[in-house]
Amino acid sequence: MPELPEVEQAARTLGEQIVGAHFDGTIRCSWLKTIESHDTDVLGAQLRDVQVTGWRRRAKWILITLDNQMTLAAHLRMTGRFVVCGRDEADIPQQRVAFGLRDGREVRFVDQRKFGRIRLLTPPELHQLEDAHGYEPFDDALTPAVFLHLTQSTQRIIKAVLLDQTVLAGIGNIYADEALWRAQIHPQTPANKVTPDQATALLDAIQTVLRQALTNGGSTLRDYRDSYGAKGTQQDNFMAYDRTNQPCGRCGTLIVKTVVAQRGTHFCPQCQS
Ligand SMILES: [Zn+2]
């Protein structure tokens, strides 16, 4: 599932192609569940002659800002991705929705697993979406002291806390495993048993692995592509995730895979104990 770096990259590469363009209000939709909260006729009417003014990311949401005060919000879930191409180009396999642009192009949403969702948000709805998520990992307000407080205030295991979008926004299974490996913390450690030094190291590790992944265009294990169709390369730098039975890059012990917080979890049993 795309996490912060992949969603950021998908949003940026979509924004680069469509900021300044106008939707024309046409929508071709072959999987109705993709579009939440409006039917396609209503959505089309709300997008007609509306200009794209910007893009950003919040948690794992792509937010496309529009000049009518509304925001087109997309969640890629498992396999969603955007493609921008000419309207006359053939439909893409697993294409679910196509939004027409006035300049003759289309913004297409392709989604093999069909879990991806797109919503048009009013300002209050956008506010609600923002409030439903916790700190962004690069938020200046997320100081080591604040992060320590977040960990100290729960007995849940640390990996579950990292995955909880209401605590930290944008981290999923890959970067949780990578950050815990880097900080040398066992994924099943109760969060309130994480020491202040470990919490500082973990926050630093989260930011370091995410920054590295952003530089590398995210990770592509199977399906992920940015909005130009390019793969990420961060998977070449994994130290724990997807490295079962391969030697730990720090101590040589074989990385093990177990299930933690209902998720496949990779860690070094020697230096994350
Ligand atoms: Zn190790």
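This is a predicted model: local features need pLDDT of at least 70, side-chain atom pairs count only at pLDDT 80 or more; totals for chains, interfaces and linings use all residues.
1. Strand 4 and burial. In strand 4 (71–75), five of its five residues are buried. In a regular strand, side chains alternate between the two faces of the sheet. For strand 4, one side carries Thr71, Ala73 and His75 and the other carries Leu72 and Ala74, and all of these are buried, which leaves both faces covered.

2. Partners of strand 4. Strand 4 has an antiparallel pairing with strand 3 over five bridges, and here Trp61 has His75 of strand 4 as its bridge partner. The two strands form a hairpin with four residues between them, where Gln69 has a positive phi near 75 degrees. Strand 4 is also joined to strand 8 (residues 117–121), again antiparallel and by five bridges. In that pairing, Leu72 has Leu120 of strand 8 as its bridge partner.

3. Strand 7 and its partners. Strand 7 (residues 105–111) is mostly covered, with six of its seven residues buried. Strand 5 (residues 80–86) runs antiparallel to strand 7 and is joined to strand 7 by seven bridges; Gly80 is placed opposite Asp111 of strand 7. Strand 6 (residues 95–101) also pairs with strand 7 in the antiparallel sense, over five bridges. Within that pairing, Val97 faces Phe109 of strand 7 as its opposite residue. Strands 6 and 7 make a hairpin with three residues between them, and Gly104 in the turn has a positive phi of about 95 degrees.

4. Where is empty space left? Rolling a probe the size of a water molecule over the atoms shows this. The count is two cavities of 30 Å³ or more. The largest cavity has a volume of about 60 Å³, and its lining consists of Leu14, Ile18, Phe23, Ile62, Ile64, Leu72, Ala73, Ala74, Phe82, Val107 and Ile118. Helix 1 (4–18), strand 3 (61–66) and strand 4 each give two or more residues to this lining. The largest share, three residues, comes from strand 4. By class, the lining has eleven nonpolar residues, no polar and no charged ones.

5. The elements that give two or more residues to the lining are helix 4 (144–152) and helix 5 (158–163). Here the classes are seven nonpolar, one polar and no charged residues.

6. The largest pocket. The space in the largest pocket comes to about 550 Å³. Its lining has 24 residues, of which Met1, Pro2, Met78, Leu221 and Arg222 are the closest to the centre of the pocket. Strand 5 and helix 6 (173–183) each supply at least two residues of the lining. Which classes do the lining residues of the largest pocket divide into? They are eight nonpolar, seven polar and nine charged. The lining of the largest cavity, by contrast, has no charged residues.

Note on methods: Residues are numbered from 1 along each chain as its sequence is written. Side-chain values use heavy atoms; hydrogens and water are left out. On a 1 Å grid over the protein atoms alone, a cavity is a set of points where a 1.4 Å probe fits but cannot get out, and a pocket is an open set with protein on both sides within 12 Å along at least five of seven lines; lining residues have an atom within 4 Å of a point. Grid points are joined across faces, edges and corners, and a volume is the space filled by probe spheres set on the points. Ala, Val, Leu, Ile, Met, Phe, Trp, Tyr, Cys and Pro count as nonpolar, Asp, Glu, Lys and Arg as charged, and the others, Gly among them, as polar. Buried means under 20% relative accessible area, exposed over 50%, partly exposed in between (1.4 Å probe, protein chains only). Two strands pair if DSSP finds at least two bridges between them.
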